[in-house]
Amino acid sequence: MDISMINFKMLGDERGHLISIESNESIPFDIKRVYYIYETKAGVERGFHAHKALNQVAIALSGSCEMEFDDGTETKAIQLNSREEGVYIRPGLWRVMRNFSEDCVLAVFVDAHYDEDDYIRDYDDFKAWVSAK
Ligand code: T46
């Protein structure tokens, strides 16, 4: 499955920590958009879609959540709980996010502007899209 974790270099000193995120450096693409998800209610599951072309890196800046990915053949779940690492989500993966802690702030760095046409929001359509590739 095309999922990889990125570890960010922590520039810490006696005052505390700092992480710098730059396009085509720590994040492997040009960042065109950033969004963040926060105050997700207990028990809520989000996602339930795939992207045709979008590349994203998601980081839990606070708290934790689980992300489950499905490439049409296999599924893989990861726990995001560190601001020192992010998950690189390439196109073509169905995703579900769940088990958000109350304090979870999930920041997502993206390589394109928002485009609803890039979403596949129906699982059967996703399976058909994967088969047709
Ligand atoms: C993803 C996962 C990880 C916008 O208008 N602009 C934006 O940049 C985004 C991200 C969303 N929206 C609108 C679309 C919906 O009307 O905000 C609403 C909530 O979005 P959605 O239901 O898609 O949220 P999630 O949490 O299910 O999915 C989001 C991203 O949309 C998606 O790209 O990969 O987080």
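View 1. Cys-104 is buried, at 2% relative accessible area, where buried stands for under 20%, exposed for over 50% and partly exposed for the range in between (1.4 Å probe, protein chains only). Please keep in mind that this is a predicted model, in which local features need pLDDT of at least 70 and side-chain atom pairs count only at pLDDT 80 or more, while totals for chains, interfaces and linings use all residues. Residues are numbered from 1 along each chain as its sequence is written, and side-chain values use heavy atoms, with hydrogens and water left out. A disulfide here is a pair of cysteine sulfur atoms within 2.5 Å, and the count by this rule is zero. Cys-65 is in no disulfide, its nearest cysteine sulfur being that of Cys-104 at 4.3 Å. That 4.3 Å is too far for a bond. Cys-65 is also buried, with a relative accessible area of 0%.

**View 2. Ser-64 lies in the loop between S4 and S5.** With a relative accessible area of 17%, Ser-64 counts as buried. Beyond its neighbours within four places in sequence, Ser-64 is in contact with Gln-79, Leu-80, Asn-81, Asn-99, Phe-100, Ser-101 and Cys-104, a contact being heavy atoms within 4.5 Å.

**View 3. Five strands make an open antiparallel sheet.** Follow the order S6-S5-S8-S3-S10 across the view; two strands pair if DSSP finds at least two bridges between them. Strand S6 (75–80) and strand S10 (119–120) are at the edges with a single partner strand each, so one side of each has no neighbour in the sheet. S5 and S6 run antiparallel and are joined by six bridges. Among the residue pairs to look for, Glu-66 has Gln-79 of S6 as its bridge partner.

**View 4. Strand S7 (residues 85–89) is mostly covered.** Five of its five residues are buried. Glu-85, Val-87 and Ile-89 point one way from S7, whereas Gly-86 and Tyr-88 point the other way. Strand S1 (residues 3–7) pairs with S7 in the antiparallel sense over five bridges, and Ser-4 has Tyr-88 as its bridge partner in S7. S4 also runs antiparallel to S7, joined by three bridges; here Ala-58 is partnered by Val-87.

**View 5. Met-97 is one of the residues closest to the centre of the largest pocket.** About 210 Å³ of space lies in this pocket. On a 1 Å grid over the protein atoms alone, a pocket is an open set of points where a 1.4 Å probe fits, with protein on both sides within 12 Å along at least five of seven lines, and lining residues have an atom within 4 Å of a point. Of the 17 lining residues, Tyr-35, Ile-37, Gly-47, His-49 and Met-97 are the closest to the centre. Strand S3 (46–51) gives the largest share of the lining, four residues. Met-97 belongs to strand S8 and is buried at 7% relative accessibility. Among the residues that Met-97 touches, not counting those up to four places away in sequence, are Ile-37, Gly-47, Met-67 and Leu-106.

Conventions: Helices (H or I, at least four residues) and strands (E, at least two) are DSSP runs, numbered from the N terminus. Grid points are joined across faces, edges and corners, and a volume is the space filled by probe spheres set on the points.
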